[in-house]
Amino acid sequence: MTLIALNKPFGTMSQFSPHPSRQTLADWIAMPDVYPAGRLDADSEGLLLLTDDGVLQARIADPRQKLAKTYLAQVEGVPSEAALARLRAGLDLGDFHTLPAQATLIDEPEFLWPRTPPIRYRAAIPTQWLQVVIHEGKNRQVRRMTAAVGHPTLRLVRVGIGALDLRQLGLAPGQWQEVAPQSLGMTGPARGTTPVRPRSNPRSPNARRTNPGRAETARTAGRTNRRRPA
């Protein structure tokens, strides 16, 4: 059984099949026979899990596991306490009603990488970062939630699934590493693999790769890219 944590870059489709205008997972991951356990929109960034085990894939998506999904959202305007209360209580989005969520104003995350391209700023409208924790995974759910309370999302980064936290993994965009299923904190028995150091698809133009046991140089555009252990 293999479970991979990928820091999915902005603009990458959550699929391996070719796309006419966007990068796909094949640009970052060369390992065969792994598939996304859940999805992340092309215009969202951050933690995406992939596995070669159908049972594990189903368990990760199973709402009975109640795996929390933690997002950092940069929104237009500064949400009031009333807007935050609506997010926390659950919202009627028309086709479904969201479960109660956690929603907190936070400072701009210092660890966050610059987005390419950058978000669209409007001089007359400030922006604010939120941390939002949900237990569902509906299509574009967080974006729809913030829009429903009057604060469209400009940038969205998923940083956590269950107990697995991208900030602790230290993966740069496009980097991935194998993790143990137990690291998600799911209930019930789970087999696992030994975590290895972060790596990237050597065929990617942005490749960074580190093999367990010894560092291996990945030459990209005439220079060496290597993630150094913290």
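Strand β1 has six residues and six of them are buried, so the rest of the structure largely encloses it. This is a predicted model. The protein chain contains four helices and eleven strands. Of its 230 residues, 49% are buried. Among contacts between residues at least 6 apart in sequence, 66% join residues at least 24 apart.

**Strand β1**

- Leu-3, Ala-5 and Asn-7 point one way from β1. Ile-4, Leu-6 and Lys-8 point the other way, and all are buried.
- β1 runs antiparallel to β3, and six bridges join the two strands.
- On this side of the pairing, Lys-8 stands opposite Gly-46 of β3.
- β1 also pairs with strand β9, residues 176-178, in the antiparallel sense over three bridges.
- Ile-4 has Glu-178 as its bridge partner in β9.

**Strand β4**

- β4 is mostly covered, with eight of its eight residues buried.
- Lys-69, Tyr-71, Ala-73 and Val-75 point one way from the strand. Thr-70, Leu-72, Gln-74 and Glu-76 point the other way, and all are buried.
- Eight bridges link β4 to β6, and the two strands run antiparallel.
- Gln-74 stands opposite Trp-129 of β6.
- Seven bridges link β4 to β7, again antiparallel.
- Leu-72 has Val-157 as its bridge partner in β7.

**Helix α2**

- Helix α2 spans residues 81-89, and its buried residues are Ala-83, Leu-84 and Leu-87.
- These residues lie on the same side of α2, because they cover an arc of only 100° around the axis.
- An α-helix has 3.6 residues a turn, so residues three or four places apart point the same way.
- The buried residues of α2 pack against β5 (102-106), β6 (127-134) and α3 (141-148).
- The face turned away from the buried side carries the exposed residues Glu-81, Ala-82 and Ala-89.

**Nonpolar cores**

- The largest nonpolar core has 28 residues. Leu-6, Ile-29, Leu-50, Leu-87, Ile-134 and Met-145 touch the most other members.
- The elements giving two or more residues to this core are β1 (3-8), β3 (45-51), β4 (69-76), α2, β6 and α3.
- A second, separate core has 22 residues, including Leu-3, Ala-5, Leu-112 and Leu-184.

**Two residues and their contacts**

- Leaving aside neighbours within four places in sequence, Ile-134 is in contact with Leu-67, Ala-68, Lys-69, Tyr-71, Ala-101, Gln-141, Val-142 and Met-145.
- Thr-146 lies in helix α3. Thr-146 is buried, with a relative accessible area of 1%.
- With neighbours within four places in sequence again left aside, Thr-146 is in contact with Val-75, Leu-87, Leu-130, His-151, Pro-152 and Thr-153.

**Pocket and cavity**

- Rolling a probe the size of a water molecule over the atoms shows where empty space is left.
- The largest pocket has a volume of about 480 Å³.
- The lining of the largest pocket counts 25 residues. Of these, Arg-39, Tyr-71, Gly-137, Lys-138 and Arg-158 lie nearest its centre.
- α1 (54-61), β4, α3 and β7 (153-161) are the elements that give two or more residues to the lining of the largest pocket.
- The structure holds one cavity of 30 Å³ or more.
- The largest cavity has a volume of about 30 Å³.
- Glu-76, Arg-120, Tyr-121, Arg-122, Ile-125, Thr-127 and Leu-154 line the largest cavity.

**Links between the topics**

- Leu-87 is one of the buried residues of α2. Leu-87 is also among the residues that touch the most other members of the largest core, and Leu-87 is in contact with Thr-146.
- Tyr-71 is a buried residue of β4. Tyr-71 is in contact with Ile-134, and Tyr-71 is among the residues that lie nearest the centre of the largest pocket.

Conventions. Residues are numbered from 1 along each chain as its sequence is written. This is a predicted model: local features need pLDDT of at least 70, side-chain atom pairs count only at pLDDT 80 or more; totals for chains, interfaces and linings use all residues. Side-chain values use heavy atoms; hydrogens and water are left out. Buried means under 20% relative accessible area, exposed over 50%, partly exposed in between (1.4 Å probe, protein chains only). The arc is that of the directions from the helix axis to the C-beta atoms. Contact means heavy atoms within 4.5 Å. A nonpolar core is a set of buried Ala, Val, Leu, Ile, Met, Phe, Trp, Tyr and Cys residues joined through side-chain atoms within 4.5 Å. Two strands pair if DSSP finds at least two bridges between them. On a 1 Å grid over the protein atoms alone, a cavity is a set of points where a 1.4 Å probe fits but cannot get out, and a pocket is an open set with protein on both sides within 12 Å along at least five of seven lines; lining residues have an atom within 4 Å of a point. Grid points are joined across faces, edges and corners, and a volume is the space filled by probe spheres set on the points.
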